[in-house]
Amino acid sequence: MDDRMKALVDLTKKKFGLHNYYLGRHAFNRHVDMFKQTKYTLSMEWFPIHAQVPDENGLNPEGTAVIEMDINQHVFSSAIFVGGKSFAENGIAFSPSSREAVISWVEKETGLVFGNQFSAQKASCQEFRFQSCVDGMPTSPGGQIEIKQDDEGKLIFFSITGEFPTTEVVEKAVYQLSIDTIEELAKKQVQSVEFPVFEQEKLTSVYALEEIYVKNDRKAIPFEVNASSGTIVLVDTPLFWGKQVDSVSSFTPLEMSWQENITMDQAFAMEPSPDVLPITCEQEAGCKEAVREVLQQEYPDDSGKWIMKTVHRENGKLVATLKPNNHSQRVFSRKLLVFIDADRLIPENFIDNQDLWKMFESWEAPESVTIPKEMAFEKMKDLLKLEPVYVYDSTENKYILCGKLDCHYGVSGADGEVFSLKDL
(Lines give C-alpha, C1' and ligand atoms only; values in the text may rest on other atoms or scores of the structure.)
Protein backbone atom coordinates (compact mmCIF):
# COMPACT_ATOMS: atom_id res chain seq x y z
CA MET A 1 0.00 0.00 0.00
CA ASP A 2 1.22 3.50 -0.83
CA ASP A 3 2.74 5.18 2.25
CA ARG A 4 0.43 8.20 1.89
CA MET A 5 -2.61 5.95 1.76
CA LYS A 6 -1.35 3.79 4.63
CA ALA A 7 -1.02 6.81 6.89
CA LEU A 8 -4.68 7.73 6.34
CA VAL A 9 -5.85 4.14 6.80
CA ASP A 10 -3.88 3.72 10.04
CA LEU A 11 -5.24 7.02 11.37
CA THR A 12 -8.81 5.94 10.62
CA LYS A 13 -8.39 2.50 12.17
CA LYS A 14 -6.97 3.90 15.40
CA LYS A 15 -9.41 6.80 15.73
CA PHE A 16 -12.55 4.72 15.29
CA GLY A 17 -11.31 1.57 17.06
CA LEU A 18 -11.59 -0.63 13.97
CA HIS A 19 -9.39 -3.48 15.24
CA ASN A 20 -12.16 -5.98 14.49
CA TYR A 21 -12.45 -4.67 10.92
CA TYR A 22 -10.54 -4.78 7.66
CA LEU A 23 -10.55 -2.25 4.81
CA GLY A 24 -12.65 -3.80 2.05
CA ARG A 25 -13.09 -1.00 -0.48
CA HIS A 26 -11.95 2.55 -0.94
CA ALA A 27 -12.22 5.36 -3.49
CA PHE A 28 -11.07 8.92 -3.97
CA ASN A 29 -13.64 11.65 -4.63
CA ARG A 30 -13.57 15.37 -5.18
CA HIS A 31 -15.95 18.30 -5.13
CA VAL A 32 -15.81 22.07 -5.48
CA ASP A 33 -16.96 24.17 -2.56
CA MET A 34 -18.70 27.53 -2.84
CA PHE A 35 -15.32 29.32 -2.67
CA LYS A 36 -14.24 27.46 -5.85
CA GLN A 37 -11.74 25.35 -3.90
CA THR A 38 -11.27 21.70 -4.91
CA LYS A 39 -11.69 19.31 -1.98
CA TYR A 40 -10.50 15.69 -2.12
CA THR A 41 -11.85 12.96 0.12
CA LEU A 42 -11.01 9.33 0.75
CA SER A 43 -14.08 7.12 1.12
CA MET A 44 -13.51 3.81 2.94
CA GLU A 45 -15.67 0.77 3.63
CA TRP A 46 -14.46 -1.19 6.65
CA PHE A 47 -15.98 -4.66 7.04
CA PRO A 48 -16.29 -6.64 10.28
CA ILE A 49 -13.78 -9.54 10.18
CA HIS A 50 -16.53 -12.07 10.91
CA ALA A 51 -18.94 -10.94 8.16
CA GLN A 52 -19.35 -12.13 4.60
CA VAL A 53 -18.99 -9.38 2.02
CA PRO A 54 -21.26 -8.63 0.37
CA ASP A 55 -24.30 -10.38 1.86
CA GLU A 56 -26.78 -12.36 -0.20
CA ASN A 57 -28.61 -9.16 -1.19
CA GLY A 58 -25.44 -7.45 -2.35
CA LEU A 59 -25.60 -5.05 0.60
CA ASN A 60 -22.91 -4.20 3.11
CA PRO A 61 -23.27 -6.35 6.23
CA GLU A 62 -24.50 -4.96 9.53
CA GLY A 63 -21.76 -3.14 11.36
CA THR A 64 -19.86 -2.05 8.23
CA ALA A 65 -18.16 1.29 8.87
CA VAL A 66 -18.42 3.67 5.91
CA ILE A 67 -16.02 6.52 6.61
CA GLU A 68 -14.98 9.57 4.60
CA MET A 69 -12.14 11.95 5.36
CA ASP A 70 -10.74 15.15 3.89
CA ILE A 71 -7.31 14.27 2.50
CA ASN A 72 -5.85 17.76 2.80
CA GLN A 73 -6.90 18.53 6.37
CA HIS A 74 -6.97 14.94 7.69
CA VAL A 75 -10.40 15.53 9.24
CA PHE A 76 -13.39 13.22 8.93
CA SER A 77 -16.58 14.33 7.18
CA SER A 78 -18.68 11.23 7.89
CA ALA A 79 -18.68 7.89 9.70
CA ILE A 80 -21.70 5.63 9.35
CA PHE A 81 -22.06 2.18 10.92
CA VAL A 82 -24.52 0.17 8.83
CA GLY A 83 -27.66 -0.89 10.67
CA GLY A 84 -26.71 1.24 13.68
CA LYS A 85 -24.42 -1.56 14.87
CA SER A 86 -20.79 -0.97 15.86
CA PHE A 87 -18.14 -3.61 16.58
CA ALA A 88 -15.55 -0.92 17.32
CA GLU A 89 -13.34 -1.24 20.39
CA ASN A 90 -11.90 1.79 22.19
CA GLY A 91 -13.28 3.97 19.44
CA ILE A 92 -15.47 7.06 19.78
CA ALA A 93 -18.08 6.96 22.53
CA PHE A 94 -19.90 9.44 24.76
CA SER A 95 -21.71 9.18 28.04
CA PRO A 96 -25.38 8.59 27.19
CA SER A 97 -27.23 11.88 26.57
CA SER A 98 -24.12 13.93 27.41
CA ARG A 99 -24.68 17.03 25.30
CA GLU A 100 -21.57 18.73 26.67
CA ALA A 101 -19.35 15.77 25.79
CA VAL A 102 -20.71 15.67 22.24
CA ILE A 103 -20.20 19.41 21.76
CA SER A 104 -16.65 19.17 23.12
CA TRP A 105 -15.87 16.32 20.70
CA VAL A 106 -17.28 18.25 17.73
CA GLU A 107 -15.15 21.28 18.64
CA LYS A 108 -12.03 19.13 18.91
CA GLU A 109 -12.79 17.18 15.72
CA THR A 110 -13.74 20.12 13.49
CA GLY A 111 -11.95 23.10 15.03
CA LEU A 112 -15.27 24.94 15.17
CA VAL A 113 -16.40 26.95 18.21
CA PHE A 114 -19.82 26.26 19.71
CA GLY A 115 -21.99 29.39 19.79
CA ASN A 116 -19.76 31.20 17.31
CA GLN A 117 -19.73 28.82 14.33
CA PHE A 118 -22.30 26.15 15.20
CA SER A 119 -25.37 26.01 17.40
CA ALA A 120 -27.68 23.28 18.68
CA GLN A 121 -30.67 22.43 16.52
CA LYS A 122 -31.76 19.16 18.15
CA ALA A 123 -30.59 17.26 21.21
CA SER A 124 -32.21 14.04 22.43
CA CYS A 125 -30.91 11.08 24.40
CA GLN A 126 -28.99 9.57 21.51
CA GLU A 127 -29.25 12.03 18.63
CA PHE A 128 -27.74 15.47 18.20
CA ARG A 129 -28.00 17.96 15.35
CA PHE A 130 -26.16 21.25 14.98
CA GLN A 131 -26.32 24.01 12.37
CA SER A 132 -23.83 26.59 11.15
CA CYS A 133 -24.00 30.09 12.55
CA VAL A 134 -22.14 33.35 13.02
CA ASP A 135 -22.35 34.42 16.66
CA GLY A 136 -25.58 32.46 17.00
CA MET A 137 -27.19 33.72 13.77
CA PRO A 138 -27.83 31.07 11.09
CA THR A 139 -25.97 31.09 7.79
CA SER A 140 -26.98 30.44 4.20
CA PRO A 141 -25.97 28.23 2.53
CA GLY A 142 -26.04 26.39 5.80
CA GLY A 143 -23.91 23.65 7.29
CA GLN A 144 -25.13 20.79 9.44
CA ILE A 145 -23.56 18.33 11.85
CA GLU A 146 -25.41 15.19 12.92
CA ILE A 147 -24.37 12.63 15.51
CA LYS A 148 -26.07 9.44 16.68
CA GLN A 149 -24.99 6.96 19.35
CA ASP A 150 -26.19 3.52 20.39
CA ASP A 151 -27.43 2.46 23.84
CA GLU A 152 -23.85 2.06 25.04
CA GLY A 153 -22.87 5.53 23.88
CA LYS A 154 -20.85 4.30 20.88
CA LEU A 155 -20.78 6.51 17.82
CA ILE A 156 -22.88 4.97 15.04
CA PHE A 157 -23.44 8.03 12.83
CA PHE A 158 -21.48 11.21 12.23
CA SER A 159 -21.84 13.63 9.34
CA ILE A 160 -20.74 17.18 8.67
CA THR A 161 -22.01 18.80 5.48
CA GLY A 162 -22.14 22.30 4.03
CA GLU A 163 -20.16 25.36 4.99
CA PHE A 164 -19.19 26.70 8.42
CA PRO A 165 -17.77 30.16 7.69
CA THR A 166 -14.60 31.35 9.36
CA THR A 167 -13.90 34.90 10.51
CA GLU A 168 -11.98 35.66 7.32
CA VAL A 169 -15.04 35.31 5.11
CA VAL A 170 -17.57 37.03 7.37
CA GLU A 171 -18.36 40.74 7.24
CA LYS A 172 -19.90 41.37 10.64
CA ALA A 173 -22.49 44.10 11.07
CA VAL A 174 -25.29 45.30 13.29
CA TYR A 175 -28.75 44.16 12.15
CA GLN A 176 -30.82 47.20 11.12
CA LEU A 177 -33.84 45.84 9.25
CA SER A 178 -37.54 45.67 10.03
CA ILE A 179 -40.66 44.90 8.01
CA ASP A 180 -41.58 48.60 7.96
CA THR A 181 -38.23 49.61 6.45
CA ILE A 182 -38.53 47.17 3.53
CA GLU A 183 -42.29 47.27 2.96
CA GLU A 184 -42.05 48.40 -0.67
CA LEU A 185 -39.59 45.63 -1.47
CA ALA A 186 -41.86 43.11 0.25
CA LYS A 187 -44.80 44.22 -1.92
CA LYS A 188 -42.75 43.53 -5.07
CA GLN A 189 -42.06 40.00 -3.86
CA VAL A 190 -45.76 39.11 -3.69
CA GLN A 191 -46.82 37.34 -6.86
CA SER A 192 -49.92 35.53 -8.11
CA VAL A 193 -48.95 31.92 -8.78
CA GLU A 194 -50.78 28.72 -9.57
CA PHE A 195 -50.30 26.11 -6.86
CA PRO A 196 -51.16 22.43 -7.40
CA VAL A 197 -53.67 20.83 -5.02
CA PHE A 198 -52.74 17.19 -5.53
CA GLU A 199 -55.59 15.60 -3.57
CA GLN A 200 -58.20 17.41 -5.68
CA GLU A 201 -56.15 17.40 -8.92
CA LYS A 202 -56.69 21.08 -9.47
CA LEU A 203 -54.70 24.29 -9.75
CA THR A 204 -55.50 27.23 -7.52
CA SER A 205 -54.47 30.88 -7.84
CA VAL A 206 -52.61 32.09 -4.76
CA TYR A 207 -50.81 35.28 -3.84
CA ALA A 208 -47.54 34.19 -2.26
CA LEU A 209 -44.28 35.87 -1.35
CA GLU A 210 -41.09 34.87 -3.13
CA GLU A 211 -38.51 34.72 -0.35
CA ILE A 212 -35.32 36.76 -0.64
CA TYR A 213 -32.43 37.97 1.48
CA VAL A 214 -32.20 41.71 2.11
CA LYS A 215 -28.95 43.44 3.09
CA ASN A 216 -28.80 46.35 5.52
CA ASP A 217 -28.56 48.73 2.55
CA ARG A 218 -31.95 47.35 1.34
CA LYS A 219 -30.36 45.60 -1.64
CA ALA A 220 -31.57 42.07 -2.26
CA ILE A 221 -29.78 38.77 -2.74
CA PRO A 222 -31.94 36.17 -4.53
CA PHE A 223 -32.83 33.00 -2.65
CA GLU A 224 -31.12 30.19 -4.57
CA VAL A 225 -31.80 26.48 -4.21
CA ASN A 226 -29.11 24.00 -5.27
CA ALA A 227 -26.91 26.72 -6.72
CA SER A 228 -23.97 25.40 -8.71
CA SER A 229 -20.57 25.48 -7.00
CA GLY A 230 -18.76 25.15 -10.34
CA THR A 231 -18.02 28.03 -12.69
CA ILE A 232 -21.21 29.56 -14.06
CA VAL A 233 -21.90 32.20 -16.71
CA LEU A 234 -25.13 34.07 -17.37
CA VAL A 235 -26.28 33.70 -20.99
CA ASP A 236 -29.95 34.75 -20.96
CA THR A 237 -30.36 34.39 -24.74
CA PRO A 238 -33.33 33.06 -26.74
CA LEU A 239 -32.43 30.39 -29.28
CA PHE A 240 -33.70 30.26 -32.86
CA TRP A 241 -33.22 27.78 -35.67
CA GLY A 242 -34.52 27.09 -39.14
CA LYS A 243 -36.02 23.96 -40.63
CA GLN A 244 -33.91 20.87 -40.00
CA VAL A 245 -32.35 19.36 -43.10
CA ASP A 246 -31.21 15.79 -43.66
CA SER A 247 -27.55 16.79 -43.67
CA VAL A 248 -27.76 17.95 -40.05
CA SER A 249 -26.26 15.32 -37.75
CA SER A 250 -28.89 13.79 -35.50
CA PHE A 251 -28.54 13.94 -31.74
CA THR A 252 -28.50 10.58 -29.92
CA PRO A 253 -28.80 10.67 -26.11
CA LEU A 254 -25.94 8.86 -24.37
CA GLU A 255 -25.73 7.01 -21.08
CA MET A 256 -24.08 9.36 -18.62
CA SER A 257 -22.01 8.65 -15.55
CA TRP A 258 -21.55 11.28 -12.86
CA GLN A 259 -18.89 9.22 -11.11
CA GLU A 260 -15.41 10.57 -11.72
CA ASN A 261 -12.51 8.13 -11.62
CA ILE A 262 -10.08 9.97 -9.36
CA THR A 263 -6.57 8.58 -9.06
CA MET A 264 -4.48 8.58 -5.91
CA ASP A 265 -1.92 10.89 -7.51
CA GLN A 266 -4.62 13.42 -8.46
CA ALA A 267 -5.96 13.37 -4.92
CA PHE A 268 -2.65 13.82 -3.11
CA ALA A 269 -1.49 16.44 -5.62
CA MET A 270 -4.74 18.37 -4.97
CA GLU A 271 -5.24 18.77 -8.72
CA PRO A 272 -7.85 21.50 -9.35
CA SER A 273 -11.17 20.15 -10.57
CA PRO A 274 -12.14 21.07 -14.15
CA ASP A 275 -15.28 22.55 -12.60
CA VAL A 276 -13.24 25.58 -11.44
CA LEU A 277 -11.94 26.36 -14.92
CA PRO A 278 -13.37 29.44 -16.65
CA ILE A 279 -15.94 29.07 -19.40
CA THR A 280 -14.53 30.79 -22.47
CA CYS A 281 -16.51 32.70 -25.09
CA GLU A 282 -15.75 29.89 -27.55
CA GLN A 283 -17.12 27.29 -25.13
CA GLU A 284 -20.22 29.37 -24.50
CA ALA A 285 -20.81 29.64 -28.25
CA GLY A 286 -20.20 25.91 -28.65
CA CYS A 287 -22.75 25.18 -25.92
CA LYS A 288 -25.34 27.30 -27.75
CA GLU A 289 -24.82 25.24 -30.89
CA ALA A 290 -25.00 21.97 -28.93
CA VAL A 291 -28.24 23.06 -27.26
CA ARG A 292 -29.67 24.25 -30.56
CA GLU A 293 -28.95 20.81 -32.03
CA VAL A 294 -30.97 19.16 -29.25
CA LEU A 295 -33.84 21.63 -29.52
CA GLN A 296 -33.99 21.41 -33.31
CA GLN A 297 -34.41 17.65 -33.14
CA GLU A 298 -36.51 17.24 -29.99
CA TYR A 299 -38.60 20.44 -30.18
CA PRO A 300 -38.59 21.35 -33.90
CA ASP A 301 -41.53 23.77 -33.62
CA ASP A 302 -40.15 25.66 -30.60
CA SER A 303 -37.74 28.05 -32.33
CA GLY A 304 -37.53 31.20 -30.22
CA LYS A 305 -39.56 29.65 -27.40
CA TRP A 306 -36.61 28.73 -25.18
CA ILE A 307 -34.14 30.99 -23.36
CA MET A 308 -30.72 29.62 -22.52
CA LYS A 309 -30.32 31.09 -19.04
CA THR A 310 -26.92 29.84 -17.85
CA VAL A 311 -24.07 27.45 -18.52
CA HIS A 312 -22.20 25.93 -15.60
CA ARG A 313 -19.57 23.27 -14.97
CA GLU A 314 -20.53 20.14 -13.05
CA ASN A 315 -18.59 16.89 -12.65
CA GLY A 316 -16.42 17.67 -15.65
CA LYS A 317 -19.38 18.43 -17.94
CA LEU A 318 -20.92 21.66 -19.17
CA VAL A 319 -24.60 21.99 -18.26
CA ALA A 320 -26.95 24.44 -19.98
CA THR A 321 -30.12 25.50 -18.17
CA LEU A 322 -33.07 26.61 -20.29
CA LYS A 323 -36.48 28.03 -19.47
CA PRO A 324 -39.45 28.89 -21.71
CA ASN A 325 -39.51 32.31 -23.31
CA ASN A 326 -42.79 33.19 -21.64
CA HIS A 327 -43.96 34.05 -18.16
CA SER A 328 -45.44 31.18 -16.20
CA GLN A 329 -47.58 31.67 -13.11
CA ARG A 330 -47.12 28.08 -11.94
CA VAL A 331 -45.10 27.43 -8.81
CA PHE A 332 -43.29 24.62 -10.67
CA SER A 333 -41.59 26.27 -13.62
CA ARG A 334 -40.73 24.40 -16.81
CA LYS A 335 -37.01 23.73 -17.10
CA LEU A 336 -34.69 21.95 -19.51
CA LEU A 337 -31.12 20.84 -18.76
CA VAL A 338 -28.72 19.91 -21.57
CA PHE A 339 -25.51 18.06 -20.70
CA ILE A 340 -22.55 18.78 -22.97
CA ASP A 341 -19.13 17.19 -23.38
CA ALA A 342 -16.75 19.90 -22.17
CA ASP A 343 -13.96 19.01 -24.60
CA ARG A 344 -15.84 18.22 -27.80
CA LEU A 345 -18.77 20.56 -27.11
CA ILE A 346 -21.33 18.02 -28.30
CA PRO A 347 -24.60 17.24 -26.49
CA GLU A 348 -24.74 14.02 -24.46
CA ASN A 349 -28.23 14.04 -22.96
CA PHE A 350 -31.00 16.27 -21.64
CA ILE A 351 -33.64 16.35 -18.90
CA ASP A 352 -37.03 17.99 -19.29
CA ASN A 353 -39.59 18.30 -16.47
CA GLN A 354 -42.36 18.34 -19.08
CA ASP A 355 -44.02 15.24 -17.60
CA LEU A 356 -44.98 17.25 -14.52
CA TRP A 357 -46.52 19.91 -16.70
CA LYS A 358 -48.42 17.37 -18.79
CA MET A 359 -50.01 16.08 -15.60
CA PHE A 360 -51.34 19.57 -14.83
CA GLU A 361 -52.96 19.86 -18.29
CA SER A 362 -55.71 17.42 -17.32
CA TRP A 363 -56.36 19.10 -13.98
CA GLU A 364 -59.12 21.53 -13.14
CA ALA A 365 -58.14 25.07 -14.18
CA PRO A 366 -57.60 27.71 -11.47
CA GLU A 367 -60.31 30.17 -10.52
CA SER A 368 -60.22 33.68 -11.90
CA VAL A 369 -58.19 36.16 -9.86
CA THR A 370 -60.55 38.81 -8.46
CA ILE A 371 -58.51 40.04 -5.49
CA PRO A 372 -56.06 42.89 -6.26
CA LYS A 373 -52.44 42.45 -5.24
CA GLU A 374 -52.53 45.42 -2.86
CA MET A 375 -55.39 43.86 -0.88
CA ALA A 376 -53.58 40.52 -0.73
CA PHE A 377 -50.43 42.20 0.62
CA GLU A 378 -52.36 43.96 3.38
CA LYS A 379 -53.73 40.58 4.47
CA MET A 380 -50.21 39.10 4.46
CA LYS A 381 -48.31 42.02 5.98
CA ASP A 382 -48.66 40.98 9.62
CA LEU A 383 -47.71 37.40 8.72
CA LEU A 384 -44.39 38.26 7.08
CA LYS A 385 -41.23 37.00 8.73
CA LEU A 386 -37.91 38.83 8.63
CA GLU A 387 -35.11 37.07 10.46
CA PRO A 388 -31.37 37.84 10.60
CA VAL A 389 -29.08 35.47 8.72
CA TYR A 390 -25.55 35.65 7.35
CA VAL A 391 -25.72 34.99 3.59
CA TYR A 392 -22.89 34.22 1.22
CA ASP A 393 -22.72 36.94 -1.43
CA SER A 394 -20.83 35.55 -4.43
CA THR A 395 -20.16 39.06 -5.76
CA GLU A 396 -18.15 39.89 -2.64
CA ASN A 397 -16.99 36.40 -1.66
CA LYS A 398 -18.19 37.17 1.85
CA TYR A 399 -20.97 36.27 4.25
CA ILE A 400 -23.10 39.40 4.64
CA LEU A 401 -25.65 40.05 7.39
CA CYS A 402 -29.13 40.05 5.84
CA GLY A 403 -32.75 39.68 6.73
CA LYS A 404 -34.48 36.59 5.34
CA LEU A 405 -37.88 37.77 4.12
CA ASP A 406 -40.41 34.94 4.02
CA CYS A 407 -44.06 34.15 4.57
CA HIS A 408 -45.61 30.76 5.29
CA TYR A 409 -49.08 31.96 4.32
CA GLY A 410 -50.82 32.75 1.07
CA VAL A 411 -53.97 34.57 -0.01
CA SER A 412 -56.51 33.08 -2.40
CA GLY A 413 -56.69 35.11 -5.58
CA ALA A 414 -60.36 34.15 -5.96
CA ASP A 415 -61.88 35.09 -2.58
CA GLY A 416 -59.09 36.58 -0.41
CA GLU A 417 -58.97 33.71 2.09
CA VAL A 418 -55.73 33.52 4.07
CA PHE A 419 -54.29 30.05 4.68
CA SER A 420 -51.06 28.22 5.45
CA LEU A 421 -49.14 27.17 2.35
CA LYS A 422 -48.45 23.87 4.10
CA ASP A 423 -52.15 23.03 3.69
CA LEU A 424 -51.92 22.99 -0.10
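E387 is partly exposed, with a relative accessible area of 42%. Partly exposed is the range between buried, under 20% relative accessible area, and exposed, over 50%, taken with a 1.4 Å probe and protein chains only. This is a predicted model, where local features need pLDDT of at least 70 and side-chain atom pairs count only at pLDDT 80 or more, while totals for chains, interfaces and linings use all residues. Residues are numbered from 1 along each chain as its sequence is written, and side-chain values use heavy atoms, with hydrogens and water left out.

Back to E387. Which residue does E387 form a salt bridge with? The partner is K385, and the closest N and O atoms are 3.6 Å apart. A salt bridge here is a side-chain nitrogen of Lys or Arg within 4 Å of a carboxyl oxygen of Asp or Glu. K385 is partly exposed too, at 33% relative accessibility.

Salt bridges with shared partners also join K122, E127, R129, E146 and K148 into one network. In total, the structure holds 25 salt bridges.

Next, E45 and R25. Their closest N and O atoms are 3.0 Å apart, in a salt bridge. The pair links distant parts of the chain, 20 residues apart: E45 is in strand β2 (residues 38–48) and R25 in strand β1 (residues 21–32). Strands are DSSP runs of E, at least two residues, and helices are runs of H or I, at least four, numbered from the N terminus. Is E45 buried or exposed? E45 counts as buried because its relative accessibility is 18%. R25, at 39%, is partly exposed.
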